[in-house]
Amino acid sequence: MGRKVITVQDLPQLFEKVAENMADHAAQLCEMDAKLGDGDLGLTMKKGFSALPDIIRTIEEEDLGKVLMKSGMKMNSVVPSTMGTLMGSGIMGGGKALVGKTEMRAAEFADFLTGFCSGLENRGKCRRGDCTVLDAFATALDWVKESLSENDLVLTMQKAVDGAKAGTEATKSMKPKFGKAAVHANAATGVPDQGAVAGTYMLEGMLHFVEQ
Amino acid sequence: MKKIINRPETYVDDMLSGIYAAHADQVRYVNDDLRCYCTKNKKEGKVAIVTGGGTGHLPLFLGYVGDGLLDGCGVGGVFQSPSAEQIYEISKAVDNGSGVLYLYGNYTGDIMNFDMASELCEMEGIKTRSIVGADDVLSGEPEIRRGVAGIFFMYKAAGACADKMGSLEEVLAAAQKAKDATRTVGFALTPCIIPEVGAANFQLKENEMAMGMGIHGEPGIWTGELKKAQDIAAECLDAILKDMPMAEGEEVAVLINGLGATSIEELYILNSSVSKILKEKGIGVYRTFVGEYATSMEMAGASISLCKMDSQLKEYLDYPVNTPFYCQK
């Protein structure tokens, strides 16, 4: 069941699903953020991902990678906060890995995730274990690689979501190195990284689209 | 919330259109975007300096765009970074062919956007270098310190060096020199309100102050009973001089900065103690700046910065500048 492929034409609806999922969890993300940061993470994620479908519709391009690269850049302009910039950079990195492709199947989704992680690493200057959104995406990628032989987009994305959840769970015991969470390192112990939680919701939104 | 606004969401752009209306002879915006703030005076071959950061700190950041100081400023939402695209558009507009120095405060969102803008410039053949202000002593170890009012000294040094036609590397070195010589300690008496949030992000009781609090309300090192001006001055200077020891006979420039709601009178009361303490320690004061240089909207409180002088920094500091928000003959 579900979709086997995502095309360039599908991208606006794909990110509409992500935006819906962010909207559903906006209050929770804001609440998490208020304890350690300035309390607007949910609003930022909702605003950034809601803007993507229209941004993508205005890009005249058949190359899936290039569309993603350009839209990541534009998304950053809509929400230039820390997490907005990181997500935009992730999408740009994922797009970079897909230049020349016109559709995304399980293998291309793995490439997208690989590029997404590079985008996060380069922009955020973070590594695995630093208690960031990267811990969710990198673990998602690990789990995806294990299931690639099945060549099933829905299954692969399900693995990505499960992996992201595991990666997020692991951030509970990590010591934050960046941003306001690092300043409140004691308050952050035992709490999952809010960026990782937001990252998981992005992948979950993508899964909702392919499950249809 | 009691503010003179139209709507919270138009706070930044309404402010900007007021600034352009008042100072059209000196500043302009590019890319059809009010938030891409640039000087009108281009100087052939001069290294351009671009800053940027969130709104809510006037005259920081855009107030230092003008003759002898900076060339452009990315204006973000209240307490938010400007976007990479905005910084890139400003860079293209102000580059005089000799490269662009990015000089801004040490905040994660700003760093990511300036870095991204720098990559975009590179693709366009515009050379950039970056340096961040990180002078807030009580915010942690040197590399993670926040940038606050002390960035003024970096602006002065880099601005003077660039105006004297220094190269990009020399302008960067001038900024670095001022950075190494500058330390700040600040404190808050009341919070401020982000218009779109509508409520204060922290609370202080009537008789309380927060030592070491950041200009976005980041928690400080202690919250407690409001002390006398002379005791506050002593504590701030202790923290600064512990971090940047100075010998008798050395000289500093002093910057007493108000956070927005504190009266200039109080700032001078603070300076009375600061100058007395420095004198007792045998530290000379080359120049004193008292006023609002980096605010936090209507937050009450102040910060004290010291910049250790040498002959070159004195020359940079004395260099005449003229912007809509700051003049020095």
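Biologist: Which residues of α5(B) are buried?
Modeller: This is a predicted model, and in it the buried residues of α5(B) are Leu168(B), Val171(B), Leu172(B), Ala174(B), Ala175(B), Ala178(B) and Ala181(B).

Biologist: OK, and how far apart are the end C-alpha atoms of that helix?
Modeller: They're 20 Å apart. That agrees with what you'd expect, because 14 residues (168–181) at 1.5 Å a residue should span 20 Å.

Biologist: Switching topic: how is chain B divided into domains?
Modeller: Domain 1 of chain B covers 8–180, and domain 2 covers 181–318. Their C-alpha centres lie 23 Å apart.

Biologist: How many residues are in contact between the two?
Modeller: On the domain 1 side of chain B there are 34, in contact with 41 from domain 2. Together the two domains bury about 3,200 Å², with 65% of that on carbon and sulfur atoms.

Biologist: Which three residues of domain 1 supply more of that area than any other three?
Modeller: Phe79(B), Leu138(B) and Phe153(B), which supply 21% of what domain 1 of chain B buries against domain 2.

Biologist: And how many salt bridges go across the interface?
Modeller: The rule finds 3 between domain 1 and domain 2 of chain B. It also finds 18 residue pairs in polar contact across that interface.

Biologist: Which elements give two or more residues to the domain 1 side?
Modeller: Those are α4 (151–163) and α5 of chain B. α4(B) gives the most, with 6 residues.

Biologist: One last thing: what does Arg145(B) form a salt bridge with?
Modeller: With Asp243(B), and the closest N and O atoms are 2.8 Å apart.

Key:
Residues are numbered from 1 along each chain as its sequence is written. Chains are lettered from A and ligands numbered from 1 in the order in which they are written. This is a predicted model: local features need pLDDT of at least 70, side-chain atom pairs count only at pLDDT 80 or more; totals for chains, interfaces and linings use all residues. Side-chain values use heavy atoms; hydrogens and water are left out. Helices (H or I, at least four residues) and strands (E, at least two) are DSSP runs, numbered from the N terminus. The expected span of a helix is 1.5 Å times one less than its number of residues. Buried means under 20% relative accessible area, exposed over 50%, partly exposed in between (1.4 Å probe, protein chains only). Domain bounds come from an automatic or database domain assignment. Contact means heavy atoms within 4.5 Å. Buried area is the accessible area (1.4 Å probe) that two parts lose on being put together, summed over both. A salt bridge is a side-chain nitrogen of Lys or Arg within 4 Å of a carboxyl oxygen of Asp or Glu. A polar contact is a pair of N or O atoms within 3.5 Å; within protein, one must be able to donate a hydrogen and the other to accept it, and residues adjacent in sequence count only if both atoms are side-chain atoms.
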